[in-house]
Amino acid sequence: MTLDDILEEIKKAETIVVLSHESPDGDAVASSLSMMHAIGQLGKKVDVVIPEYSKIFEFLPGSERILKKGKDEPYDLAISVDCTDLKRLAGGNEYFETAKRTVEIDHHSVNAMFADLNYVDPVAPACCQVLIALIEYYGIQITPEIATCILTGIVTDTGGFQWGGVTSETFEFAAELVRKGAKLKDICRISLRNKSKAHCELEKITYDRLEFFEDGRISFAYLTTEDYENVGAEMGDDEGLVEIIRDIQGVEIAVLLKEKEGANGYKASLHSHETINICMLLGGGGHRGAAGCFINGTLDQAKTKIINAVKQGLKK
């Protein structure tokens with residue numbers, strides 16, 4: 001069984017690194033720290049390498065141990081969490097491909113199965129929920145620290161238990177995590193409702209540039225690198241903006257283009273209430289109702305390409 005094989009690799013490894021996807025969200029950061037705490041109970045020291053992440057998640061237990069860079073020498077074992085493919089894995093070239101053995105744990109329905117051992121549960125609404133099965137199977141104690149990390153991953157990847165994939169089992173897990181010491185009220189306040197001044201300024205810009213297509217079924221806005229600089233934005237300050245324009249009455253798909261510095265293009269974030277995934281057609285990925293991709297070119301070129309793709313998606 002894969003879980004037994006993964007445990008065997010963990011026990012054999014002297015050096016272990018945990019990695020996740022670029023531009024990590026709450027589930028990615030929380031999954032990484034959950035693995036660090038869990039493997040620590042097995043008597044192993046783990047490096048968590050996340051080159052850049054939102055300050056919002058500095059409240060998570062163990063976040064002070066997150067590294068921007070890992071060891072120079074190859075790790076015995078590299079573990080990827082919450083990532084669909086190697087090209088999106090932060091530190092993939094440096095630490096994952098050079099490791100002696102590799103493990104992948106994920107919940108996305110479209111997954112490249114890029115590790116030596118892959119444990120993927122596409123039914124789970126968050127990678128942190130997948131980790132509960134692993135932790136319980138290994139007989140690892142769910143401490144308040146682990147409970148806090150896991151519940152944060154579930155809360156952020158489900159929009160506070162509102163998005164697709166949430167089942168009665170998710171609430172049962174959440175209840176158990178609260179019993180183990182996780183503070184749901186604090187997690188929701190910090191990870192979902194706290195807004196920086198820069199976020200509020202970006203929100204104003206987003207509303208100023210808001211456009212509608214297809215009789216209001218598509219909402220669209222964009223942000224440039226100049227916008228980010230002008231408001232002093234940091235990573236994570238644009239979180240939640242695409243949901244704001246998705247929740248407008250009559251909108252089925254929301255599109256937010258975010259210019260990426262030095263990349264000659266834009267990251268497209270798409271959110272929908274239905275199970276429509278345009279991003280897979282454009283080389284991206286994610287969930288059926290929340291996904292992203294990168295589009296090369298100018299703003300006009302990126303806008304035309306993504307809007308045309310969304311229009312086609314609405315016709316299916």
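Two strands count as paired if DSSP finds at least two bridges between them. Helices (H or I, at least four residues) and strands (E, at least two) are DSSP runs, numbered from the N terminus. The structure is a predicted model, in which local features need pLDDT of at least 70 and side-chain atom pairs count only at pLDDT 80 or more, while totals for chains, interfaces and linings use all residues. Residues are numbered from 1 along each chain as its sequence is written, and side-chain values use heavy atoms, with hydrogens and water left out.

The protein has eleven helices and eleven strands. Its radius of gyration, taken over C-alpha atoms, is 19 Å, close to the 20 Å that the globule rule (2.2 Å times the number of residues to the power 0.38) gives for 316 residues, so the protein is as compact as a globular protein of that length. The C-alpha trace spans about 55 × 40 × 40 Å along the principal axes. Of the 316 residues, 53% are buried; buried means under 20% relative accessible area, exposed over 50%, and partly exposed in between (1.4 Å probe, protein chains only). Taking contact as heavy atoms within 4.5 Å, 65% of the contacts between residues at least 6 apart in sequence join residues at least 24 apart.

Strand 6 (residues 211-213) runs antiparallel to strand 7, and three bridges join them. Glu 211 stands opposite Phe 220 in strand 7. The two strands form a hairpin with four residues between them, and Glu 214 in the turn has a positive phi of about 55°.

Strand 7 covers residues 218-223, and six of its six residues are buried. Which residues lie on each face of strand 7? Ile 218, Phe 220 and Tyr 222 are on one side, with Ser 219, Ala 221 and Leu 223 on the other, and both faces are covered.

Lys 260 stands opposite Gly 265 in strand 9. Strands 8 and 9 form a hairpin with four residues between them, where Gly 262 in the turn has a positive phi of about 75°.

Helix 10 (residues 241-246) contains Ile 244. Is Ile 244 buried or partly exposed? Its relative accessibility is 22%, so Ile 244 counts as partly exposed. Leaving aside neighbours within four places in sequence, Ile 244 is in contact with Glu 203 and Tyr 207. Ile 244 and Ala 254 are ten residues apart in sequence, and their C-alpha atoms are 8.7 Å apart in space.
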